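The sequence and the model are shown first, and the description follows.

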Amino acid sequence: MSRYLIKRIGQAIVVLWAAFTVSFVLLQALPGDAILIKFLNPELGLGPEQIADIRASYAADVSVPVQYFHTVANFLTGNFGYSIQAGVPVGDVLVANLPPTIWLAALGFMLAVVVAVGISALSVLTPFIWVRSLFRSLPSLFISTPVFWLGILLIQIFSFQLKLIPVINPGPWQALVLPVLTLAVPISAPLAQVLMRNIDHVLTEPFVAVARAKGASRRWVLWRHVAKNAVLPTLTIAGILFGELLAGAVVTEAVFGLNGIGGLTQRAVTNQDIAVLQAIVVFSAAAFVIINLVVDLLYPVFDPRLRSKGEVVA
Amino acid sequence: MSLTGRFVNKAGLTARVGVSLLAIGWGQASLAADRNKTPSIGGTLVYLEQQTHTNLYPPAGGFYPNGGILNQITDKLTYQNPQTLEIEPWIAEAWTVNADATEYTFKIRSGITFSDGTPLDAAAVAKNYDTFGRGNRELKLPISEVINNYERSEVLDPLTVKFYFKRSSPGFLQGTSVIGSGLVSLATLSLPYEALGDATKIIGSGPFVVTSETLGRELTLAARKDYNWGPAKLAHQGRAYLDTIKLIVTPEDSVRIGALLAGQADFIRQIQAYDEKQVEDEGYRIHAPSTRGVNNSVVFRPDNPLVADIRVRRALLHATNTDEIVSTLFSHNYPKATSIIARTALGYTDLSSKLTYDIDKAKALLDEAGWKVGSNGLRQKDGQTLDLSAYESLPQPQNKETLQLVAQQWGKIGVKLNVLTGDSGTATVNNLDPSKAPVSPAMVGRADPDVIKSQYYPTNRNVLLQKGGNSDKVKSFVDEKLNSLLESLASEPDRIKRLAIAGEIQSYVIDQAYAIPIFEEPQAFAAAPYVNGIAFEAVGRPSFYDIWLAPRS
């Protein structure tokens, strides 16, 4: 167990370092930089000598390898630098933007799981074939719905027409209802799709026929025999969907005017705010690593066959 | 996001077609009605802003989201009357200027405090201007664009401060009234540049104070109950009428407008021309104060050989149909440009006779310059095609659409204009290269003739990309005559002579066809009917000092 964990943590560190380095190199390769965008913009109307001064004061004129080692050393000591565009420490920016995104993503994901499980179950259990095929086509509809359109539609209906939930100045829970709904729809689609396909597959296995032959009801078979077997690949997909959650958050946060990592990423990319981007990349990589570790540790819980080596006891 | 926003807005707009039209003069009529009602104190104004503010160091106040905040929390030495453009007393109750405009003495009003309790006295004013005028390298604070030739300050007594300039600086008095000259406390000035993006750290003496901020999301401003030093000539004295302002960043156009119409917000910034009707049809008011500076224009970079010939530039000027642009893309709030600066700007000269749309003349000029229409329908000369490019400017209203329409119009005389979009880094870098961006959109707002110098002078914004400015890609282009005119504009102490120089520059720029002015750019806001007393400073930033809320009907 502990050897396994140490190995995984070692891998995680390599992944984080690689993410950091690759993003650093890519960001350096872009034309222009945050200082140029900020200070050359007509907004301040500065002359060339003043801009050269500013570049020197930000140490933007030192060589790239030196900058790289500086940044690595700073990150290791928890100093993420300053956001040139916003004019505040990156740490403050993260503190302001991380919690809302974590809430949005977590609740959006949970709702997506509920919706996916609901759709999958109904697509198997509903007695009429046409209702079943209706449920079966829902994931395709969900995945092809543009998030921004859905968000604006929900705002128009529930906030502006029915006036149920204010989008401006909402309470802490009100603020989450529509965005979570918006985010959950596209996330639930691939989950439901994979879940349905696996249920279909497991339903053809001989042991299901045996269970049915012994007199078990469709529902009993689904929950007791099929679900556990069908959930494994879904779990893998769920780990990968984290990336989708971040991407969906960019749009959702912009439409609903929420603060969060999505909006922050968009602004940082637009302004090449490298310090902020590096922090986001490292954070996202860390989140990916952790989520995949959790998923790996969850496999044996659902599938006793994976416990046989005795290595992992969750 | 803007693309998606536009798509939805257009959909929303067509859905509302058919509702009756409201009279254009509505805004004026209701403003007159405001004066007959007694303002009531109290209430919260919900203000929806399109973009997140950036660094709030006062000289960075030119960015609209920043100006919208700084204008509420800081006071200026002087007040520029937005109607007359005269400079009136504010924090300075009196001033004197020597004959050649190299020495300015200001008498500061007594009893003024910053919101941290420290006094706003001559020493504080001196420190502000020393910082804005010379910058602070240690704290990375850049110098202010509006202060030219600054040398030093001298505190004569606790309430009198004198400024010395290396050369004449006639624009300085107006410069003390602009958003970029907001006075802040010594505590704020001692912070490094990187710390000034936090609005709660900007300590001013204004009618409102930032009480809390959620970075990138919202800002709460509370009225200062002891505020008693508004501009002396305003009818309204004492504290602001509102108790609180809640500024919420709402990037999506349709959400801002929808929230206003649904009663969830009271005042919003940034409405595109195509959304105006939808708002006015519901009885809400559009406010579109002029930015009173250099008009929204297309400028040329003559360093690029394709546009080095004045005949080519003149041809393109006459091939541009500004009437069509204004009537197709904009509304009556966007008047057609008749000079390089707005008609409400100081020193304006009407040049509409030189800015005619004349496609035959345009074709003749190109023929004369040796550009013949080739087999592909484009003008060619010595194996080169008249193929130009311009980068879209994101802050300007519908700039991409404007440039695309210009491209269509130029296409009629066989000239190709590629409208490019890029990430900010690429766009900023390439826009400094005349070979990559021979054409560029340009505009800037400020109610002083100095604005023309800001726009064209090589070491300022350098829109024509002359040699010796912010671009190292320029090979040789310099216009000595233009530059010497600009220098005399910034240093001529005599007001009449100065305005005459401003007129001369406008004619010169158009005669050389360096710029094609398109429209006078406003800042568009919308307000709910019960919001009274909406006011704007001289270049269109809102002031919430006078606003009061009538009972909602």
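## The nonpolar cores

The largest nonpolar core has 156 residues, and those with the most contacts inside it are A:Val276, B:Leu45, B:Val125, B:Leu242 and B:Ala526. A nonpolar core is here a set of buried Ala, Val, Leu, Ile, Met, Phe, Trp, Tyr and Cys residues joined through C-beta atoms within 7 Å. A residue is buried if 20 or more other C-beta atoms lie within 10 Å of its own, exposed if 12 or fewer, and partly exposed in between, with C-beta atoms placed from the backbone. Helix H8 (residues 174–203) of chain A gives the most to this core, namely 15 residues. At least three residues come from each of domain 1 (2–76) and domain 2 (98–306) of chain A. A second, separate core of 72 residues includes B:Leu316, B:Ile501, B:Ala513 and B:Ala538.

The structure is a predicted model, in which local features need pLDDT of at least 70 and side-chain atom pairs count only at pLDDT 80 or more, while totals for chains, interfaces and linings use all residues. Residues are numbered from 1 along each chain as its sequence is written, and chains are lettered from A and ligands numbered from 1 in the order in which they are written.

## Two residues of chain B in contact

Two residues are in contact if their C-beta atoms, placed from the backbone, lie within 7 Å. Leaving aside neighbours within four places in sequence, B:Val125 is in contact with B:Leu77, B:Phe106, B:Ile108, B:Val161 and B:Leu183. B:Val161 lies in strand S7 (residues 160–165) of chain B. Helices (H or I, at least four residues) and strands (E, at least two) are DSSP runs, numbered from the N terminus. B:Val161 counts as buried because it has 27 C-beta neighbours inside 10 Å. Not counting residues up to four places away in sequence, B:Val161 touches B:Phe106, B:Ile108, B:Ala122, B:Val125, B:Ala126, B:Ser153, B:Val155 and B:Leu156. B:Val161 and B:Asp121 are 40 residues apart in sequence, yet their C-alpha atoms are 8.8 Å apart in space.

## Chain B as a whole

Chain B contains 16 helices and 25 strands. Its radius of gyration, 24 Å, agrees with the value near 24 Å for a compact globule of 553 residues; this radius is taken over C-alpha atoms, and the globule rule is 2.2 Å times the number of residues to the power 0.38. The C-alpha trace of chain B spans about 75 × 60 × 40 Å along its principal axes. Of the 553 residues in chain B, 56% are buried. Among contacts in chain B between residues at least 6 apart in sequence, 69% join residues at least 24 apart.

Helix H15 (residues 480–491) of chain B has 12 residues and should span 16 Å at 1.5 Å a residue, which agrees with the 16 Å between its end C-alpha atoms. The expected span is 1.5 Å times one less than the number of residues. In H15(B), the buried residues are B:Leu486, B:Leu489, B:Ala490 and B:Ser491. The buried residues of H15(B) pack against helix H14 (450–456) and helix H16 (495–511) of chain B.

Most residues other than glycine have a negative phi.

Chain A is divided into domain 1 (2–76) and domain 2 (98–306), with bounds that come from an automatic or database domain assignment. The centres of domain 1 and domain 2 of chain A, taken over C-alpha atoms, are separated by 34 Å. Their contact takes 17 residues from domain 1 of chain A and 12 residues from domain 2 of chain A. On the side of domain 1 that touches domain 2, H1(A) gives the most, with nine residues.

The contact between the chains takes 50 residues from chain A and 52 residues from chain B. The side of chain A that touches chain B has 26 nonpolar, 18 polar and six charged residues. Ala, Val, Leu, Ile, Met, Phe, Trp, Tyr, Cys and Pro count as nonpolar, Asp, Glu, Lys and Arg as charged, and the others, Gly among them, as polar.
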